Amino acid sequence: MAQSDNDDLINVIEDDNHDVDIPETLPMMPVRDIVIFNDMLLPLFIGRDKSVNAVSEAIEKGKYLFLAAQMDSTIEDPTVDEVYKVGTIVKILRILRLPDGRLKALVQGIGKGKIIRYVRKKSFYRVKIEVISEEASPAIDLETEALMRNVREQSEKILALRGELSGEISSILESIESPGKLADLVASNLRLKVEDAQTLLEILDPAKRLLKINEFLTREVELSAVQAKIQTDVRDEISKSQRDYYLREQVRAIHKELGELDEKALEIDEYKKNITKAKMPETAHAEAIKQLRRLEQMHPDSSEASIVRTYLDWMVELPWNKSTKDYLNIPEAKEYLEKEHYGLEKIKDRILEYLSVRKLNPKMKGPILCFVGPPGVGKTSLGQAIAKAMKREFIRLSLGGIRDEAEIRGHRRTYIGALPGRIIQGLKQCGTNNPIFMMDEVDKVGSDYRGDPSSALLEALDPEQNSEFSDHYLNLSFDLSKVMFILTANQIDTIPSALLDRMEIINLSGYTIEEKKVIADKYLMPRQIKENGLKKKHIEFSQGSVEKIIEEYTAEAGVRSLERALGKICRKVARYVAEGEKKKFKISKMTLHKYLGPPQFLPEMDKEESQPGLSTGLAWTQIGGEVLYIETSLVHGKGELVITGQLGDVMQESVRTAVSYARMKLSSLGVKDAFENSDVHIHVPAGATPKDGPSAGIAIATSLLSAILNKNVNRDVAMTGEITLKGRVLPIGGLKEKALGALRGGIKTIIFPEKNKNDLVEIPNNVKRKIKFIPVKNVDEVLDIAICDWASVGKKKNKISKKETVEKKTVKKKNDPLIS
């Protein structure tokens, strides 16, 4: 055993060709993430101070170095317990100092060793080692040969899957005859985990080491096959994407050469300008910028990009901060409303009040008005007139038949074809955030499994909430407080109470004949003459003809049928003019039948003759007030009550109440009870029309008593009022509408509850001049007025009462013992 310069003992490593003398103590350098095997050439980058010192020491003392793997690669300065005991003795073949102070060394493994103890630990590690000699390889038998062949094939398969196989590598694998060297060569190129590689390093039996490496190879082949499949799939997808990208880049380069700019960049810049120009609130602006950044990173032709693009289009086109300036000249607004609409003083006053308050307080919230009235009275056209008077934009939305909540609040963007709700759509269409927004037919909103639109309207129509109206599509709040909402309805019974509570109700009852004549002269006739291509020189209407059209060809609260009748006349005249006739066509009462045919309504003919059992009531329907006839007849029977005419529950209760009152009244009159041997049949024509309500009570009682007493009911008298068992007359609603209906029906006297006297203020004076209004407290007053010769029934009652008194006195005298 030779001695080195520093008197260290010498270990001898036997190589295939020669023996190598290794010092007993060597500088030790911990290495991370790798285990060195025999004959393995490896470049190392050395940066830690201890490692640099260890390499420097090794260069000075024979260029031998001991490398041991760290147990945890994340530790920067491992202790002696954090380094494996078994490692590899390497020789430094080449060293290079880098400018940053690090070293680059090329080393080769020449043997295995085991740390006996640490000689030095301060500036670098010096360890005393024991050289581990590998067990002698036995003669290669059939099993070992098969194992070696399998290892070679598995190795080639892995390299083929990685795309690293070459003829030279195959030759090297075939040339190795030693099982141990083959195992070390494969292990050094297998990318094993440090723990697995260390396990192999510590196996001294070459056959066992080769068997272990075979297990690792089998697992690695399976992993490499799966990895190769994944890489192939990804490569195909990337190849397609790269091809598309390459083609797009070529197109972009061509456009650039032609002086044209990139379309996507132009689009992004345009969106940025529009977002800034829209002057959105802070939250909306942040969301728009966020979506724009998403669009910037997307492929222009992807489906997601088109969804984001549509959303940004809506965001930049909404009138976040665009308002029209209100025209607040009150006298001119009043003059315009008078010019556009005749009558309707209450509504005009309400609009002028709003303009006045708006002038004094520009920050006031928009009112929520609801016009309630029959069709054709001008509810929608009045909304348009209000918009023109205020010089605001006008939007109309029909709510009739809407059953989906998304129509109001919008669809969520997750759905294909999603859009904002109709309110946001209307605002985008008009381009301002303070339009007149009219919602027609609010009383006809439905609901089903898709939600309740009327509940969704609550937020939009509540002045305290609509400043932050939330649309599902935008997913942001939009301020609706500047919008003036006007709703229309034919009746308020079907409007949900919560929604009704948020609205200011304004009733439009209908027009009288005089008002219709003025409307026809000022608005309808000029419009129809113009729309049918005529001029004033072609046609002329007489006053009598217009009045006859109103009375005999239309029966409505509004003027829609009247305009249709005028349009029909104008069309026929237009045909004559087109055929070459030059004369002026004068439309008079006598010539109306040539244009409109025979009269459709004859109020005087519709009125029945005065007769027992027939009374006239008044009804209030969706199309205005109407005359309602009550018929009663008595037939021989067992006292049954028959009710026909599609009467609702409330009206049927009124019938039963009237019957009970009539029996009590007949008893007080001394009349034999007619119900004992007779069936009473009460019918309300027309039978196909459903009817309900309590206001026909006194008309039913009058019809019943007149039938029993065989007294006529005055056909010129109509009545309305709810009856009680004691004969009191309770108040009703819609007196103005009923009065207008009675006027159309040729009625001259109306009996109504005394508690409705205050409602007479709303009835036009010309109606009061033509109809006599008589307030009553009880049914006795009704009978005195409505039943012909009712006084005779009272006299007969007095005579009966006197006769009964005389008979009673006579009986009393006969039975008095003093007198006898």
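Axes here are lines fitted to C-alpha atoms, for helices over the stretch in contact, and angles run from 0 to 180 degrees between N-to-C directions. This is a predicted model, in which local features need pLDDT of at least 70, side-chain atom pairs count only at pLDDT 80 or more, and totals for chains, interfaces and linings use all residues. Residues are numbered from 1 along each chain as its sequence is written, and side-chain values use heavy atoms, with hydrogens and water left out.

**View 1. Helix H22 crosses helix H23.** Helices (H or I, at least four residues) are DSSP runs numbered from the N terminus, as are strands (E, at least two). The axes of H22 (residues 649-669) and H23 (residues 697-709) come within 9 Å and cross at roughly 45°. That makes H22 oblique to H23, since angles under 35 degrees count as roughly parallel, over 145 as roughly antiparallel, 65 to 115 as roughly perpendicular and the rest as oblique. The crossing is right-handed, meaning that the near helix is turned clockwise from the far one by less than a right angle.

**View 2. Residues where H22 meets H23.** Contact means heavy atoms within 4.5 Å. On H22, look for Ser654, Val655, Ala658, Val659, Tyr661, Ala662, Lys665, Leu666 and Leu669; their partners on H23 include Ile700, Leu704 and Ile708. By class, this contact has 13 nonpolar, two polar and one charged residues. Ala, Val, Leu, Ile, Met, Phe, Trp, Tyr, Cys and Pro count as nonpolar, Asp, Glu, Lys and Arg as charged, and the others, Gly among them, as polar.

**View 3. Lining of the second largest cavity.** Among the lining residues are Val31, Ile36, Leu67, Thr88 and Gln198; a cavity is a set of points on a 1 Å grid over the protein atoms alone where a 1.4 Å probe fits but cannot get out, and lining residues have an atom within 4 Å of a point. Strand E5 (64-69), strand E6 (86-97) and helix H5 (194-202) each supply at least two residues of this lining.

Notes:
1 Å grid on protein atoms, 1.4 Å probe; cavity = no way out; pocket = protein on both sides within 12 Å on 5 of 7 lines; lining within 4 Å.
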